[in-house]
Amino acid sequence: MLLSSKAAVVAGLVHSVLAVPAATTTSVAPGTAVPSLTLSTSVASPSASLSAILPPQAPLPPTQPWCIGQIFCAGSLLQTVNIAQLWSDPKTFVDKPTSKSSQQVLADFNTFNLSTVTEDDMLNFVDTDFLGEGLELEAVALPNFNPNPAFLNNVTDPLLKAFAQTVHGYWTQLARSTNQSALCAEYPGGTCESTLIPLNHTFVIPGGRFREQYYWDSYWIIQGLIQSELYDTVNATLQNFMDEIEDFGFIPNGGRIYYLDRSQPPLFIHMVYDYVNVTGDTSILQRALPLAEAELAWWATNRTLEVTSPYTSQKYMLSHYAVNNSAPRPESYLTDYLTVHDPTLTTPLTDAQAADLYGELASGAETGWDYSSRFEAIPQLGNPGLRTLNVKNHIPVCLNSILYKARVLLADLYGTSNETAANTHRQVAAGIRAGIIDLLWNPDKLAFYDFNLTSNARNDIFTAATFYPVWNGIIPDEVLASQSNAFGYFASVNMVMNKYNGTVPVTFIDWTGLQWDAPNAWPPHQYIIMQALRSIPSNLTTNGLPVPNSYQSTYDLVPAGQIGFTEAQLPGQPFRGAQANENATATGPGADINKLEGTVVNGGNATSGEGWRDTLQREVANRYYTSTLCSWHATGGSIAGLLPQLPASQLNLTDSINNTGNMYEKFSNLNVDSSGSGGEYTVQAGFGWTNGVLLWVASTYGEQLVAPQCPELVASA
């Protein structure tokens with residue numbers, strides 16, 4: 001696509017995309033929904049020479065309560081394989097079923113002297129005793145797949161309509177079912193051992209290393225499946241979750257046994273409600289309602305505590321993330337192990353400190369935000385920051401907002417069939433709402449902040465979690481008081497649209513290297529922001545967007561103290577080309593480098609009489625479409641007759657020769673050509689929730705979407 005002169009000037013950060021080794025490849029025969037899945041095992045790449053003796057190990061952590069077996073739980077075998085660093089991603093090993101019985105694998109391992117065992121010994125052991133990762137799953141055809149669902153008619157631009165249809169087709173590549181022929185019998189009597197939790201129904205995976213069903217990812221996957229009219233697949237996904245509640249009493253983080261000590265943001269009832277609301281299929285409620293009660297009971301019993309407000313002295317029952325864990329997570333064993341046993345530490349952690357930190361790391365994973373400065377006592381780069389994690393002592397805005405709405409939705413699903421239960425849930429919801437307003441809402445800053453039990457006060461780190469309450473139906477009186485206040489709650493979104501090239505970042509802290517910090521912008525958050533905007537009453541949205549004074553920028557429209565940074569302290573938006581190492585003007589009107597008349601670069605077209613709420617929705621929707629389409633095109637995506645593939649000289653810059661486009665799990669808010677970065681694993685492509693949000697945006701805002709101007713790719717600085 002050609003760049004406009006304005007877009008060329010403001011095009012963002014130098015393009016840089018991490019190459020991702022694919023665990024699987026899929027293709028779909030034209031005109032069908034039957035995928036052809038080719039499994040490929042990751043090639044081991046030891047970090048040391050094969051003759052090297054493994055370094056000394058720290059003492060083993062305690063056996064964990066959820067642990068089944070001795071191979072894939074914290075223990076000598078798992079720790080030794082991880083110390084060998086055979087793969088860059090520790091998850092690769094724990095997703096490999098054994099090729100022998102558990103007893104034989106353990107007997108083979110016990111022949112090693114751990115003081116002399118070498119890289120080559122461990123490589124041969126794994127090659128001999130384990131199979132390829134993910135073999136317990138198989139591709140599956142999606143029932144009633146329609147290549148032309150009705151929502152495509154909502155998209156008026158031909159290119160964007162074709163892109164939405166392409167993304168709709170990706171469901172056929174991400175659909176999975178349990179490969180019954182590859183399953184291992186229940187431990188310990190089988191001929192093999194595996195970490196897979198077998199599921200009885202079809203599901204859609206996120207993609208990349210996430211090769212099994214995941215809990216909160218599935219909410220946004222379902223938003224897309226609904227637009228794609230794949231209602232049978234939505235039902236099947238919900239049936240899997242209900243099976244897990246029956247088996248375990250809760251929904252695990254994902255479909256592996258090593259997730260059995262933690263859950264994820266509890267969106268099951270939201271999913272059931274959306275499915276019933278769209279399809280009218282109330283028959284699912286006979287099974288779903290009792291199991292929804294069971295899930296809420298699990299959260300109430302295991303993740304809820306009484307909190308006394310320092311502001312009003314009122315007591316509330318509110319929830320937090322708190323995993324009972326004192327060992328490295330198996331799927332991130334080496335990462336956690338090195339966080340605790342960091343060779344740069346001058347004073348090693350005690351056993352108690354190590355156990356506490358392992359619990360914090362697991363709790364951080366339960367939040368879905370693994371990891372973010374949001375939960376660090378002292379936000380710092382890398383392991384020093386992670387060692388200050390304080391997740392368990394936070395009352396999170398997001399979790400309690402979700403649980404509030406879950407109660408409200410469950411009451412609505414009961415209707416008049418069980419008014420006693422419905423009234424009980426509404427009463428509990430009212431208590432949660434009151435606690436959120438009292439403890440988490442700052443009426444002066446017009447934002448929500450997590451409550452810190454350690455300091456007995458609200459935190460001051462501004463995050464995208466501030467938009468969860470309004471998304472879930474909690475609108476503070478101060479927001480409802482005036483158009484000015486209602487806009488003030490969303491003023492940071494307006495600032496991002498004007499100041500940065502991409503979408504809204506998760507925080508404005510960019511020095512931790514964590515993936516749930518700036519500059520990363522996540523698809524679920526863009527969805528939540530748009531839905532929160534849609535929740536604002538129309539009588540508060542008739543005015544146009546406020547305009548800063550001639551000597552100010554849109555930063556000056558943000559309520560004082562809301563973001564917690566001066567404008568000069570915010571991350572800069574880099575220029576390109578000869579100015580690649582320079583930022584846009586840090587303050588003043590020059591900082592709004594994306595500002596156009598009535599809109600922003602890649603923000604769609606303004607319409608007469610458009611209120612501020614609708615303007616922000618249009619701009620965020622267009623900017624999200626821009627990030628997905630431009631990064632897909634930058635990695636080899638093309639559409640016949642509408643969008644030619646970039647030449648090899650350009651694709652070489654993104655390591656995308658012979659690639660056909662990546663749908664990334666996260667994006668950079670500085671560069672719409674690029675994926676996000678940071679975190680404990682390389683950026684993943686696929687990607688379930690990215691696709692789901694894209695299709696929802698296409699369906700909801702199709703007439704307002706305008707083909708983006710994608711910046712030209714340049715060599716990484």
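Visitor: What does the lining of the largest cavity hold by class?

Guide: By class, that lining has ten nonpolar, five polar and eight charged residues. Here Ala, Val, Leu, Ile, Met, Phe, Trp, Tyr, Cys and Pro count as nonpolar, Asp, Glu, Lys and Arg as charged, and the others, Gly among them, as polar. This is a predicted model, in which local features need pLDDT of at least 70 and side-chain atom pairs count only at pLDDT 80 or more, while totals for chains, interfaces and linings use all residues. Residues are numbered from 1 along each chain as its sequence is written, and side-chain values use heavy atoms, with hydrogens and water left out.

Visitor: What makes a space a cavity, and what makes it a pocket?

Guide: On a 1 Å grid over the protein atoms alone, a cavity is a set of points where a 1.4 Å probe fits but cannot get out, whereas a pocket is an open set with protein on both sides within 12 Å along at least five of seven lines. Lining residues have an atom within 4 Å of a point. The structure holds six cavities of 30 Å³ or more, and the largest contains about 250 Å³ of space. A volume is the space filled by probe spheres set on the points, which are joined across faces, edges and corners. Of the 23 residues lining the largest cavity, Phe210, Tyr214, Gln264, Asp370 and Tyr681 lie nearest its centre.

Visitor: Which helix gives the most to the lining of the second largest pocket?

Guide: Helix H9 (residues 231-248) does, with four residues. This pocket has a volume of about 530 Å³. Its lining comprises 25 residues, with Glu186, Tyr187, Leu196, Pro198 and Ile257 nearest the centre. They divide into 14 nonpolar, five polar and six charged.

Visitor: Why is Asn549 called partly exposed?

Guide: Buried means under 20% relative accessible area and exposed means over 50%, with partly exposed in between (1.4 Å probe, protein chains only). Asn549 has 40% relative accessibility and therefore counts as partly exposed. Asn549 lies in the loop between helix H21 (523-535) and strand E14 (595-596). Its C-alpha atom is separated by 8.6 Å from that of Pro589, 40 residues apart along the chain. Of the 717 residues of the protein chain, 59% count as buried.

Visitor: Why are strands E3 and E5 said to stand at the edges?

Guide: The order of this open, antiparallel sheet of three strands is E3-E4-E5. Strand E3 (137-139) and strand E5 (203-204) each have a single partner strand, so one side of each is left without a neighbour in the sheet. Strands (E, at least two residues) and helices (H or I, at least four) are DSSP runs, numbered from the N terminus.

Visitor: How do you know that the chain agrees with a compact globule?

Guide: The rule for a globule is 2.2 Å times the number of residues to the power 0.38, and the radius of gyration is taken over C-alpha atoms. For 717 residues a compact globule would have a radius near 27 Å; the protein chain has 25 Å, which agrees.

Conventions:
Two strands pair if DSSP finds at least two bridges between them.
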